[in-house]
Amino acid sequence: MATDFKSIPIIDIAPLLAKWDDPKMAQDPCVSEIVKQLDQACREAGFFYVKGHGIPETLVKEVRNITHKFFDLPYEEKLKIKMTAAAGYRGYQRIGENITKGVPDMHEAIDCYKELKQGMYGALGKPMEGCNQWPDSPQNFKELMEEYISLCTELSRKIMRGIALALGGLPGEFEGERGGDAFWVLRLIGYPEASTANGKCTPENDIGCLLAKQFSGAHTDYGLLTLVNQDEDIIALQVRNQSGEWISAPPIPGTFVCNIGDMLKILSNGLYESTLHRVINNSPTYRVCVAFFYEPNYDAAMEPLEVCVRRSGGTRKFEKAVYGEHLVSKVQTNFVV
């Protein structure tokens, strides 16, 4: 459970990545130190930064830059890939079409998911079946994002090996039936500058001047692990500690902000918390965030690991939850389509 943390730790995971496929990785003293840091961060905050992650900074920045270029397009262009239920909830959402606890969020976004073939998961998968909607402009958008998704998937898998050790399990605890065919979600999010959010905007097409009270309302993430790639020089992401204080997670060059999701909270039997967080953009500058969500297998049934039940007093605190059901329940209530 989250504590009264006042800051978010930074963890250099390079030694973990160097040993991630070594059968004896748990015996390596450098890996052991990282595992200890991951355990402390997940217990105390549910959030941490990672550096030494190996994804080229040039790619990380280019992903943000091309996302800015897309959101700079006229609405008519962006609406060519408008999200619909028929498209498996993939595509572009205008400002106010994402809902958190009944309140419209003051951001626009593109949502992409690992593509599910028709009938692959029967009725469970049907709402999420479809192909991602990639824009024709800017050029190379799809290719760049697919490269980024591939690298983030591999990085997340390796971090999860460290978290498995931190919980007292085997390195591959979150693979196989739980995550051997991991689902993923990519959200490209654009937050208007503060003057626009405060109602000083000029009406644009039929969007008008939306007076939303929140940029991104307080929420937890759905899956296992999130990698946040946020614009530099804008402090907007906030994490709530146990006392209800909102602690800033400022951008730190060369790092990702990581946080754990609802499914890992269940697997850890509550040892690790999926912490509430929100975004408040008080900057006079438009802000972009690229969030990659690493999830279990779509049809995986998540329940507390035995080792975590033992470590948390011997009582199972959570019932079994099927990831795909959890995702669909969220998607069908969070979007206006």
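In which sense do strand 6 and strand 7 pair, and over how many bridges? Select residues 108-113 (strand 6) and 182-191 (strand 7): they pair in the antiparallel sense over 6 bridges. Two strands pair if DSSP finds at least two bridges between them; strands (E, at least two residues) and helices (H or I, at least four) are DSSP runs numbered from the N terminus. Within this pair, Asp-111 stands opposite Arg-187 of strand 7.

The model is predicted, so local features need pLDDT of at least 70 and side-chain atom pairs pLDDT 80 or more, while totals for chains, interfaces and linings use all residues. Residues are numbered from 1 along each chain as its sequence is written, and side-chain values use heavy atoms, without hydrogens and water.

Now show the open sheet of 8 strands, which has mixed pairing and the order 1-2-12-9-14-7-6-3. Strand 1 (10-12) and strand 3 (91-93) are at the edges with a single partner strand each, so one side of each has no neighbour in the sheet.

Next, select helix 3 (residues 57-71), which lies across strands 3, 6, 7, 9, 12 and 14. Helix 3 runs at about 115° to strand 14 (287-297); axes are lines fitted to C-alpha atoms, for helices over the stretch in contact (heavy atoms within 4.5 Å), and angles run from 0 to 180 degrees between N-to-C directions.

Finally, select Leu-186. Its contacts include Ile-110, Asp-111, Met-145 and Phe-292, leaving out residues up to four places away in sequence.
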